[in-house]
Amino acid sequence: MRENLVEALQEIWSHKMRSFLTMLGVIIGIASIIAIVSTIKGTNDRIMKDLVGRGNNNVSIKLYQGEWEYYFDTEVPPDIAPVSEEQEKRIRETEHVEDATFYNLRTYVNNITAGTKNLSGATLYGVDDHFLNTCCYVVYKGRSFVDLDYTNCNKVALLDSTAADILFPDKNPIGQTIEIGSEPFIVVGLYQQKTEFEPNIQSLTDYETYFQEAYGTVLIPDATWPIIYSFDEPQNAFIRADETVNMSEIGKSSQTIMQECISAKESELKYTAQDLVEEAKQQQQLANSTNSLLIWVASIALLVGGIGVMNIMLVSVTERTREIGLKRSLGARKKRILAQFLTESAVLTSLGGVLGIVVGIVMAVIISKISGVPVGISVPSIVISVAFSMVIGIVFGLLPSIKAANLSPIDALRRE
């Protein structure tokens, strides 16, 4: 085997240009597949990151009326109660749940002001003491909410950086007063994500998912929520899973527990968990089905490359007919000649596969730079590509190898 490899490399090196042109089809085919697979993996990773979001494995559970999210205007539905402490405890003790928070929510709020500054289109949360931890937020200036804020219904607030910049562009927000409606709240801290996250917004749905940060967000203790809106409201929830794969499971179980708050059996209201993992998988399947066609097209280049390998090996057999006849006359068996030419063919395509991988990675990086599509290098696809290129060499080198092995020693030595 070692002797065959040495002979194959010597033959390839002695015909460098011919060997390179022969490998070109394999290089192009492998490079195309590597680039496409890398782009698919990068796209799928981005889809999962953008939909599942921020790496915090949060499942959002919201109240729906029919197919639409329920928005509280002037009254609370009579057949639904707030989530009880017992239900909260059951959800937090559910397997794979790391933490859970239950909150009140208003979006597109236009009555948050600080002097002459107005925070238009803001998002207002009434949160419990689990909110920051569950959503992976951290207070980076000032302080967080404390137990007394909840027990004494202290009118205090946390702002994100967008809200702080709009309401207090020229001064420190900590200790300043904002008004929510007609109620004054003291700003006690500023908060942000623990890790930086930049969503890839490409559609209206993406925009609606991440718009809050563009317009500013204000957090207040949920105990003070009735001060502004004059009644207790049913809450929504964020449930944090220990791992991304468990998000769907804990979403369904928590949704079932929260559904117990709705007393009327015929009610149109229902709690629904947003199954982001399933949405991500559906988008990934759509992307994969499209890119699979591209892989098939790229495979045609591999087929052409394989035909080129077979052609050049037939030429090589013709050129080396006297060499084959001499070896056969000295006692070389058919399988020895067959193995020699198969090895040369496999080495030729394997080298083409390795060069194709390098070119494919470079192509993937270039595509990423030009189009902004992320790249995820797939190690299994690299290993499979090298193995596949070797198989191509064996399959398309089989006919020339059989032809060489079946040459008659006498006829081979007579041929000029």
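These legends accompany close-up views of a predicted model.

**View 1. The whole chain and its confidence.** The predicted chain has 15 helices and 13 strands. Of its 416 residues, 45% count as buried. Among contacts between residues at least 6 apart in sequence, 80% join residues at least 24 apart. The mean pLDDT of the chain is 79. A score of at least 70 is reached by 74% of the residues.

**View 2. Two ends of the confidence scale: helix 7 and strand 8.** Helix 7 (residues 204-210) has the lowest mean pLDDT among the elements of the chain, at 47. Strand 8 (residues 156-159) has the highest, at 97. Over residues 203-212, pLDDT stays under 50. For that stretch the model has 17 contacts beyond four places in sequence.

**View 3. Helix 3 against helix 10.** The axes of helix 3 (residues 85-92) and helix 10 (residues 247-259) come within 10 Å. They cross at roughly 170 degrees. Helix 3 is therefore roughly antiparallel to helix 10, since angles over 145 degrees count as such. On the helix 3 side, the contact involves Gln87, Arg90 and Ile91. Ser254, Ile257 and Met258 meet them from helix 10. By type, the residues of this contact are three nonpolar, two polar and one charged.

**View 4. Glutamate 98 and its partners.** Glutamate 98 sits in strand 3 (residues 97-109). Its relative accessibility is 48%, so glutamate 98 counts as partly exposed. Beyond its neighbours within four places in sequence, glutamate 98 contacts Arg240, Ala241 and Asp242. The side chains of glutamate 98 and arginine 240 are joined by a polar contact of 2.6 Å. Alanine 241 is 143 residues away from glutamate 98 along the chain, yet their C-alpha atoms are separated by 5.6 Å.

**View 5. Serine 60 in strand 1.** Serine 60 belongs to strand 1 (residues 58-65). Its relative accessibility is 9%, so serine 60 counts as buried.

**View 6. Threonine 224 in a loop.** Threonine 224 lies between strand 11 (217-221) and helix 9 (225-229). The side chain of threonine 224 reaches the backbone oxygen of proline 221 at 2.7 Å. Not counting residues up to four places away in sequence, threonine 224 touches Cys153, Asn154, Lys155 and Phe185.

View 7. Most residues other than glycine have a negative phi. Cysteine 153 is not a glycine, but has a positive phi of about 55 degrees. Cysteine 153 is in the loop between helix 5 (147-151) and strand 8. With a relative accessible area of 34%, cysteine 153 is partly exposed. Cysteine 153 is also one of the residues touched by threonine 224. Tyrosine 108, not a glycine either, has a positive phi of about 55 degrees. Tyrosine 108 is placed in strand 3. At 52% relative accessibility, tyrosine 108 counts as exposed.

Terms used: Residues are numbered from 1 along each chain as its sequence is written. Side-chain values use heavy atoms; hydrogens and water are left out. Helices (H or I, at least four residues) and strands (E, at least two) are DSSP runs, numbered from the N terminus. A polar contact is a pair of N or O atoms within 3.5 Å; within protein, one must be able to donate a hydrogen and the other to accept it, and residues adjacent in sequence count only if both atoms are side-chain atoms. Contact means heavy atoms within 4.5 Å. Axes are lines fitted to C-alpha atoms, for helices over the stretch in contact, and angles run from 0 to 180 degrees between N-to-C directions. Angles under 35 degrees count as roughly parallel, over 145 as roughly antiparallel, 65 to 115 as roughly perpendicular and the rest as oblique. Ala, Val, Leu, Ile, Met, Phe, Trp, Tyr, Cys and Pro count as nonpolar, Asp, Glu, Lys and Arg as charged, and the others, Gly among them, as polar. Buried means under 20% relative accessible area, exposed over 50%, partly exposed in between (1.4 Å probe, protein chains only). pLDDT is the predictor's confidence in each residue, from 0 to 100.
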